[in-house]
Structure formats: structure tokens, C-alpha cells
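The sequence and structure come next, followed by notes on the whole chain and on selected residues.

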Amino acid sequence: MRLIIFDKPPPYVVNAFIDNIVYSYRIQPIFSQIPIGFTLSLSLGSLTIRTPNFPIQLQLLLGGFHAIAMEIPNETAIKKPKRLTSVVWNHFERIRKADICYAICVHCNKKLSGSSNSGTTHLRNHLMRCLKRSNFDVSQLLAAKRRKKDNTVSLATINGDEAQRQDAFIKPTIMRFDPDQRKDEIVTVASGKFDQDRSQYDLARMIILHGYSLPMVDDVGFKVFVKNLQPLFEIVPNNDVENFCMEIYRKERGKVYEMINGLHGRINLSVEMWYSPEGVEYLCLTAHFIDEEWKLQKKIMNFVTLDLSHTDDLLSEVIIKCLMDWDVDSKLFALTFDDCSTDDDIVLRIKDQISQSRPLLGHGQLFDIRSAAHVINSIVNDALEALREVTHKIRASVKHVRSSQVAQRKFNEITQQVGISSERRLIVDCPGRWDSTCLMLETALEYRGAFSVLQEHDPSYTSDLTDTEWEWTSFIAGYLRLLVEITNAFSGNKYSTASIYFPEICDVHIQLIDWCKSPDDFLRSMALKMKDKFDKYWSKCSLALAVAVILDPRFKMKLVEYYYSQIYGSQSLEKIKDVSDGIKELFDAYSICSTMVDQGSALPGSSLPSTCSDPRDRLKGFDKFLYETSQSQNVSSDLEKYLQEPNFPRNCDFNILNWWKVHTPRYPILSMMARDVLGTPMSTIAPESAFSIDGRVLDKCRSSLNPDTREALICTQDWLQMEVKDGSRLSSHSVRPIPIAESS
């Protein structure tokens, strides 16, 4: 061996020639950079350099740099250690000193015999005492040993690499997790406690949050992954995971119950039907409300499996029972159904039941709401059904062009000959999504000229359309495009307030009126059928839509006047007055509530008053009389001040909820009404199902569960996902904080 040292001021460059291999590195006064392949240790004037094959010691002397190449009689790592299969080696480091092997405990640094002839019983006995002193869960150590004996599945047969990794045990460590930490920052690690109980709940929460199937814990691949990730974790069976999920559901339900019943305002309820692939029906009840911070919230309250022979009577009873189970029957403001054809008797029964404990505000004019997105889907189905044969021809035409390269090349030549310069490609629509059908029709219309002469050049093409059919397609495609844009407006913002729906629905109404005047009998008859469905929706929801948009400070009554003049013509003034009277009546009801609150007659946790249930009470009208006779003392009400002030300028970044949060002190009574009205769900459809022709279908995994477990998983998933989307941490009652090593 030969060692060369360059004596000069730092940094020092040292080249070591060992076994015909050159090792080169720079020595700084502070040893912060460690070359790969070397281990440096500094102590009292000496620097020890461990190379892969030979140790070197350098003596640091004043006035220069002196190096001594020597073999250091120190504890060195075994070059090729014997495969360590016992779990105890996860807590010991095996080293060799001279010809003797030692096992050093990573927790207390105690040195014990590490010879293969000594076995591991003495190591396990020491570990039991050591871990108990350190507050470790020693039961997991014993469980890991039992699992090794009892496991009938050979994990090494899964993958050849897995068997090699079995022996590469890692010291039990925990990490400090900081969501704001940069990727290039070093994570602090230290020894800590593995918690089987907490890990089991983590697993259950993961399954709930991401919608995984419960039987995944029985999959061999999952067991292999978990064993390599944490050998101490004991895989729990499917039934135990289900019990953990139910326990999490009960705790989370208690939190949601306290939050909803602690609201000062009222809540709105949406009722939506789901289906299983086998035809089973489910009832999904979701609460919608604006919280104390003026943020729009939603919580799935129940997911009920309906009996195959259920009737309308049973449906209303199920809804009423769910409301009473949550103690919100007296806090309900509006009920939104996903189907406009829902029997009115169901709503009347629910309304009568609720009115027994507390009368509905404004005589319940805003209580019965139907989903706007569903009425749009319904009239789209009518249009597509009327155009079904034409759509079939267009679909067949596109498939013919795309059937071969020869057909595509011939069609491209015809396109150039007729002067079509469109860059859009012909597409075939996706069954079940009407927005893709709209796109297929629009694209085909751009190539109308080429399709019209295609049969002359290609005798195999037999799906040509007549000029009338092309005109029908153009008319309906234009209307479908309007509905696509409106549906995107509804579903683009998951937390849309009720105020965004009025102008969009009015545009649909105006378009239908014009369509009904078409001279074409086919288009006119189709439009009349669609308008008949729309009118049923409009009769139930027009007042709620108008009141919501009036509470938008950018529009107030002006937008109602603008659209009603186009919809009703000469009757617009009368219809506008109906809206004005309706919002005043609702405001008066809230004013009476406010008066009773000031007198201390409100229910705990609610800003709305209780009503005496005594049928002999002869002073039921006194509260209204007191409010009306007290009005003369006030210059103007909240509503009058709000409507008289100038409209707020329109801009894209306007947040209506922030506006009302800021202006609550100025309009204390009107803001109470705005909180309930703006929180009304005018549409119940989910963004991912906005263009779906079919209803919402439950996957086979969830539909195969028992009703209680299914409801627990679906409700809890919704609650946990809301926590994640709101940026808050998952609840800490089942996920306890992980201890971290404090840096010195």
C-alpha cells in the first residue's frame, strides 16, 4: 500500500492507493461532505477513513498533515453475514470484533453474544425487558413469531425478489411528517413505538376514505406488501376490519350530529335514488347548509336500502324517520327531489308531519324543490328519442368512414373536393353520455357536404340522410349545445349556491317557447312535449329560483324583471308582483322569528322559534300582529334597504357567501333568510353523473354488503372526504399523534 499526502493549506486533497485502487477525496475543516464508499469519524486529532476494503487512520498535527496507514483493530461489519431470519434481528446489529460475533441492542446498546451457535432465545429475553422499559408493545414481537409458524402461504413464492428482501430487516423508526416540508429536506427519524391498534384503525379509515373493498385485507398481494413494509403488523381478518369501520362510523356520526344540531340556521335535504346492477333501489339523503363561517356544506345523512315492494307511503315514512333520528325535522327548510315526477302526495305527507312541530316559513312555498339537472336530462332524453333514427344513421355513417383506411382516404378526398376545411375528427358517441352524442352530431354537421355525396363515390355507404333530417339534426344539436353549457355551469362548481340557477333555467325556458313556434311539425311536436315537462318543474321551482337570485346583490329584482318580460310578455308585471309578494312574505316570517328570538323564546342552538303545540292556544296570531304593529317604528326593513341600494358590480371573482358574511351586521334578519335560501340544493346530480342518461348505479362491491355496513361506509366516506377537501386533518380520536424525536 502507498499513501500520498499533499501538504498545503486546507482544503486537503488525499489520494490513497490501496490494492491498486485510487481513493481520492477533499478534507475540509468541517467534514460535511462524505464521499460515497467512505465512512469518516473525527475524534481528538485523528480522522478515520473506512474504505470498502481497508481502514486508514490520519493523524492531524499542528503545522502540517501527517498520515499513518495502518490496520485498525476495531469492530468491523461482517462482509457476508449469515441470513438472519428471526424477527429479533430487527432490534439488534450484528458485528464482529476479532473472531467473536456480538449482537448490539439498538435500544440500549447492550452487547450480547451474536454467534449463530448461541441462538436467539437470550436476545428475545433481553428484548422483552428492554422494550418494556422503553414503553414498546412487546406483544407484537411475540405475534410476529407466531405468524411465522402458523402462516400457510409461502410469501417467497410470490416473487423471487421478495424472498431476498425478507432478511433485510429495518430498525423500527418513525418520521416527522410536515405537509409544508420541501422535497429536498431531510426527514428526522428516531426509534419509536409501533402501535398495532392505531394501524388497524388507519387501515379501516383508508378503506373507507378511498372506497376499497373490505376483502382486500385477505388478498395475498396485500399481505406481501404489508409484511415487507412493517413485519410487526398483524393482518386482521375481513370481519374485524368491518367492525373497525362501524366503530369509526359511529364516532364520525356523533360529530356530524353535533355540528348539524348546533347550527343557528335551518338545513335543506336532497333526496336521490340510487340503483344496484341487480335492480335494488336505495335512498340517499343529504343535508345541505351554510355553516357559521358562511361556507356551503353537505353531509350524507342516510343511505337506505329500500324493500323491493316499497310504496310511496313507505318512502315518505323512511324520510320522516331519518329526519327524526337526526333530530332535524324541526330545522328543515326545503326538500329537493331528484325526479320531477315524484308523487306530490309524498311531499304533502312529509310537510304535514313536519308542520306539527313547527310551521313552515312562508307557508312552505319554497319547501318542495325538484332537481334542475334532472329536468334537463329528462328533456334531453325526449329530444334524443325523437331523433333516434337520424342519430342512428349518423352513427352508422361515422363508423363507415372509420371502418378502414381505404374508406377514410376516400372520405378525405371527397372532403377536399367539396371544400370542407374542418380540422375536427369524426367521432362515435359514448353510450350513456348525451354530451358525447351532441359532439358527434356537431362534428357530423361540419362534414354534411361530404356525407351528402359519399354514396355517389362509395356504393357500400347506405346511411345517407335527407336534407330534412340534416335540418332536424342542426336544430337539435344547437339546442343540445345550450343544455351542455348550462349543465357544465351547474356541475362546474360542486358547492354552487341556489342563486346561479335562475338565469340558466330562464334561458332554457325562452328557448323552449321559441321552439314551440317552429313551422316544422316534427320539431314543434317534440318541443311541446319537452315544454310540458319543463312547465311542471317551473311551476314548483320558479319562486325559489327567483328569491335566490334576488338575494344576489349583483341582480336583485332587476334580473327577474329582465327575464320575466321575455317569458311572460304582457303578463310580466303580474308575475313580477307575485315574486315580490313571495319574498316579502318569507322575510316577514323571518322577522317574526327574529322578534321572538329577541324575547328569548327560541329553541336552544337555533335562531328560529318554537311554536306552542297546544291546540287551545288562542294567541297564535299575536306574534304576527306584534311584528306588523311594530313596523311603523322602523324607517325601513332589511329587505327594503337591500333592494333600494345600488346593485353590486358584476365580476367573475364575486363570492356571494363572502358578501353576505361581511354584510350580516347591516342586514341581520335578511342575512338569516339568505343563509337558508342560498343553501337550498337546486340540483342533486353529482358532477361525474351530470351527462349520464342512466341513474346513479352502486358498484357490485358495495351492493353486496349488508345494509348497515353499506350505509356506514358510504356516509363515512363522504364525511372523511369533506375533511380532506377542506384541508383539515383526519380526526384524531382514532388516529393518535405519532411521537417524534426532538432534535437537540
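What percentage of the 744 residues in the protein is buried? Buried residues make up 45% of them, where buried means under 20% relative accessible area, exposed means over 50%, and partly exposed lies in between (1.4 Å probe, protein chains only).

## Basis of the model

This is a predicted model, in which local features need pLDDT of at least 70 and side-chain atom pairs count only at pLDDT 80 or more, while totals for chains, interfaces and linings use all residues. Residues are numbered from 1 along each chain as its sequence is written, and side-chain values use heavy atoms, with hydrogens and water left out.

## The whole protein

The protein has 24 helices and 18 strands. These elements are DSSP runs numbered from the N terminus: helices are H or I with at least four residues, and strands are E with at least two.

Among contacts (heavy atoms within 4.5 Å) with a separation of 6 or more, 64% are between residues 24 or more positions apart. The protein exposes about 39,400 Å², and carbon and sulfur atoms supply 52% of that area. Accessible areas come from the Shrake-Rupley method with a 1.4 Å probe; for residues, only the protein chains shown count as cover.

## Salt bridges

The structure holds 28 salt bridges, each being a side-chain nitrogen of Lys or Arg within 4 Å of a carboxyl oxygen of Asp or Glu. One of them joins the side chains of Asp-344 and Lys-540, at 2.9 Å from N to O. Asp-344 lies in helix H8 (residues 344-355) and Lys-540 in helix H16 (residues 521-550), so this pair ties together parts 196 residues apart in sequence. Asp-344 is partly exposed, at 37% relative accessible area, and Lys-540 is also partly exposed, at 23%.

The side chains of Asp-552 and Arg-554 form another salt bridge, at 2.7 Å from N to O. Asp-552 is buried, with a relative accessible area of 1%. Elsewhere, salt bridges with shared partners join Arg-205, Glu-252, Lys-255 and Glu-723 into one network.

Arg-395 and Asp-429 meet through their side chains in a salt bridge of 2.9 Å, N to O. Arg-395 is in helix H10 (residues 388-401), and Asp-429 is in the loop between helix H11 (405-417) and H12, 34 residues apart. Arg-395 is partly exposed at 24% relative accessibility, whereas Asp-429 is buried at 8%.

Ser-436 is found in helix H12 (residues 434-446). Ser-436 is buried, with a relative accessible area of 15%. Apart from neighbours within four places in sequence, Ser-436 contacts Ile-427, Asp-429 and Cys-430.
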